[in-house]
Number of protein chains: 2
Amino acid sequence: MIEQRNVVAETGVRARTRKAILEAAVTVLSKDFTASLGEIASEAGVGRTTMHRYFPERSDLLTAIGAEALDKVAVATEKARVDEGAAADALERLALELFDLGDLLMLAFNDPGLTSGPDWETETEADRATARLLGRIRVEGGDPELDADWLVQVLWAVLYAAWAHTKENGVPKHQALRLCLRTLRNATGLGAV
Amino acid sequence: MIEQRNVVAETGVRARTRKAILEAAVTVLSKDFTASLGEIASEAGVGRTTMHRYFPERSDLLTAIGAEALDKVAVATEKARVDEGAAADALERLALELFDLGDLLMLAFNDPGLTSGPDWETETEADRATARLLGRIRVEGGDPELDADWLVQVLWAVLYAAWAHTKENGVPKHQALRLCLRTLRNATGLGAV
DNA sequence: CCGAGATGGAACACTACTGTTCCATTTGTG
DNA sequence: CACAAATGGAACAGTAGTGTTCCATCTCGG
């Protein structure tokens with residue numbers, strides 16, 4: 001009998017339950033980071049006991065969320081093909097993909113503790129790709145005063161703003177996204193191109 | 001003997017202690033919102049007992065921080081004289097003043113619960129002034145696609161980004177502020193003016 | 001200098017959440 | 001179907017934070 005625990009591609013019931021718990025956790029924690037495990041379990045439609053079987057401690061759950069976020073960012077960045085075409089278009093593709101992270105975006109942005117694991121310290125390929133893209137902006141007619149490090153901050157902040165705009169003001173997602181992309185283009189100085 | 005409790009202009013020792021506690025709370029909570037009252041007390045250089053004398057319950061402390069934030073925003077907005085001069089300059093003055101809120105900015109931005117009292121629901125004069133200013137931007141050559149509500153989100157998000165930029169990347173405050181102002185001018189579409 | 005006010009610390013009961021165990025029940029898979 | 005896996009609920013001990021009381025000490029302000 002081969003041990004199948006801890007395998008990524010866990011199929012069937014276990015994978016589905018695990019996913020449900022993670023999604024519920026993101027939903028609940030993005031609203032209130034101090035929410036109890038009981039609240040998360042009930043949001044997931046799962047007994048608290050079951051949750052503890054998948055994530056023995058609270059920190060295990062948080063770690064898993066962090067890993068999921070890291071992974072989703074990597075996938076989104078890859079899909080955006082940031083090295084292809086004009087920087088302005090690549091930035092638009094990237095923002096488009098990252099915007100879909102939704103609540104996970106809010107959570108990772110708001111909570112300092114979530115993004116503090118060893119995995120977040122080391123620079124990922126996605127980080128490098130984003131830095132390459134944002135560095136390319138100055139060369140292609142962007143505002144020469146704004147360096148890549150700063151534009152990283154702006155990118156995430158504006159994405160956050162867009163998501164908050166839908167939550168707080170009830171603006172439809174597609175419109176918030178449009179505003180977001182337009183604002184990013186302006187902010188980088190690529191607006192007039 | 002006249003009761004002097006609950007008077008705003010409490011002078012002397014009590015006022016100083018109260019202020020020290022509030023400042024410590026902002027410092028500590030902006031790093032970790034789940035920090036215990038004991039940590040806040042020790043950061044303030046004050047016994048936990050004393051803290052409970054000023055703020056009987058945790059929620060009282062949070063309410064006080066919220067009120068302080070509201071007040072500081074009002075003062076900053078007033079000082080910025082947002083109705084005077086060109087919109088671009090007024091926006092710069094406003095951002096300059098708000099940037100000084102520092103950790104309070106991070107805290108109010110990150111924690112949803114802090115800004116959820118009845119005081120935050122009602123529109124303040126500062127809110128109206130900011131809305132007036134941001135509405136004025138379109139008229140004065142700003143990007144016509146961006147409405148005032150969205151620009152409010154962008155203003156706060158970029159301020160946050162600037163503050164985070166100093167914290168995370170060790171960028172000096174004056175430089176972060178410069179980037180922030182420049183980015184806001186670009187984002188609103190007033191850059192080329 | 002002296003008293004009222006302000007403080008700090010110890011001790012206490014209380015609460016909410018956490019993490020664990022055990023068992024009955026349901027689910028899905030071969 | 002039959003069996004193994006997965007689940008939910010109850011009960012439990014342990015822990016950390018909260019809010020309170022009491023008292024000794026300190027320090028301003030008159």
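Two residues are taken to be in contact if their C-beta atoms, placed from the backbone, lie within 7 Å. The structure is a predicted model, in which local features need pLDDT of at least 70 and side-chain atom pairs count only at pLDDT 80 or more, while totals for chains, interfaces and linings use all residues. Residues are numbered from 1 along each chain as its sequence is written, and chains are lettered from A in the order in which they are written.

Of the interface residues of chain A, 96% are also interface residues in chain B, so the copies meet through the same surface.

Within chain A, helix H1 (residues 13-31) packs against helix H4 (residues 58-80) at an angle of about 90°, their axes being 10 Å apart; helices are DSSP runs (H or I, at least four residues) numbered from the N terminus. H1(A) is thus roughly perpendicular to H4(A), a term that covers angles of 65 to 115 degrees. In this contact, A:Leu22, A:Ala25 and A:Val26 of H1(A) meet A:Leu61, A:Ala64, A:Ile65 and A:Glu68 of H4(A).

In chain B, the buried residues of H1(B) include B:Leu22, B:Ala25 and B:Val26, a residue being buried if 20 or more other C-beta atoms lie within 10 Å of its own. The buried residues of H1(B) pack against helices H2 (37-43), H3 (48-54), H4 (58-80) and H6 (103-110) of chain B.

Terms used
Buried ≥ 20, exposed ≤ 12 C-beta atoms within 10 Å, placed from the backbone. Helix = DSSP H or I, 4+ residues; strand = E, 2+ residues; numbered from the N terminus. Axes fitted to C-alpha atoms, helices over the stretch in contact; angles between N-to-C directions. Parallel < 35°, antiparallel > 145°, perpendicular 65-115°, else oblique.
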